Amino acid sequence: MSVDPSEGILALLAHDDADMVRMAVAGNQGTPIDVLRRLADDAEDEVRASLAANRATPVDVLRFLSNDFSTRVRRALAGYDWEEDGYGD
């Protein structure tokens, strides 16, 4: 049985020193939008890649990540289903 962490806990965990913790926060669909936006500037590409793959990440953040220098982030973004979420042409 899993319990969803509160938004406050996710906001705190977004500042954790461990990359894996921030990566989990970035990939969590329950993470508050303002926290997701902050994680777009994370120094670690695996955190940004997790953010790019998160279906709850706002489209403006996804567009920002499309210019990321890391191929890992751009590959994660390429797997995002824009049309399924209503952003297709």
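Helices here are DSSP runs of H or I with at least four residues, numbered from the N terminus. In this predicted model, Asp68 is located in the loop that runs between helix H5 (59-65) and helix H6 (71-78). Asp68 counts as buried, because its relative accessibility of 9% falls under the 20% limit used for that class. When its neighbours within four places in sequence are set aside, the residues in contact with Asp68 are Arg48, Val73 and Arg74.

Two of these contact partners, Arg48 and Val73, also take part in the meeting of helices H4 and H6, where Asp45, Glu46, Arg48, Ala49 and Ala52 of H4 meet Arg72, Val73, Ala76 and Leu77 of H6. The residues of this contact comprise 5 nonpolar and 4 charged ones, with no polar residue among them. The axes of H4 (residues 45-53) and H6 come within 8 Å and cross at roughly 10°, and H4 is therefore roughly parallel to H6.

Helix H4 is largely enclosed by the rest of the structure, because 7 of its 9 residues are buried. The buried residues of H4 are Glu46, Val47, Arg48, Ala49, Ser50, Leu51 and Ala52, and the elements that cover them include helix H2 (19-27), helix H3 (33-39), H5 and H6.

Side chains of opposite charge can pair when their charged atoms come close. In the model the count of salt bridges comes to 6. One of them is formed by Arg22 and Asp42, whose closest N and O atoms are 2.6 Å apart. Since Arg22 lies in helix H2 and Asp42 in the loop between H3 and H4, this pair ties together parts that are 20 residues apart in sequence. Arg22 counts as buried at 9% relative accessibility, and Asp42 is buried as well, with a relative accessible area of 11%.

A salt bridge also joins Arg37 to Asp60, with the closest N and O atoms 2.9 Å apart; this pair links distant parts of the chain, with Arg37 in helix H3 and Asp60 in helix H5, 23 residues apart. Arg37 is partly exposed, with a relative accessible area of 38%, and Asp60 is likewise partly exposed, with a value of 39%.

Between H6 and H4, Arg72 forms a salt bridge with Glu46, the closest N and O atoms being 3.2 Å apart, and this pair links distant parts of the chain that are 26 residues apart. Arg72 is partly exposed, with a relative accessible area of 38%. Through salt bridges that share partners, Asp19, Arg22 and Asp42 are joined into one network.

Notes: Residues numbered from 1 in each chain as written. Predicted model: local features only at pLDDT ≥ 70, side-chain atom pairs only at ≥ 80, totals over all residues. Heavy atoms only, no water. Helix = DSSP H or I, 4+ residues; strand = E, 2+ residues; numbered from the N terminus. Buried < 20%, exposed > 50% of the residue type's maximum accessible area, 1.4 Å probe, protein only. Contact = heavy atoms within 4.5 Å. Axes fitted to C-alpha atoms, helices over the stretch in contact; angles between N-to-C directions. Parallel < 35°, antiparallel > 145°, perpendicular 65-115°, else oblique. Nonpolar A, V, L, I, M, F, W, Y, C, P; charged D, E, K, R; others polar. Salt bridge = Lys/Arg side-chain N within 4 Å of Asp/Glu carboxyl O.
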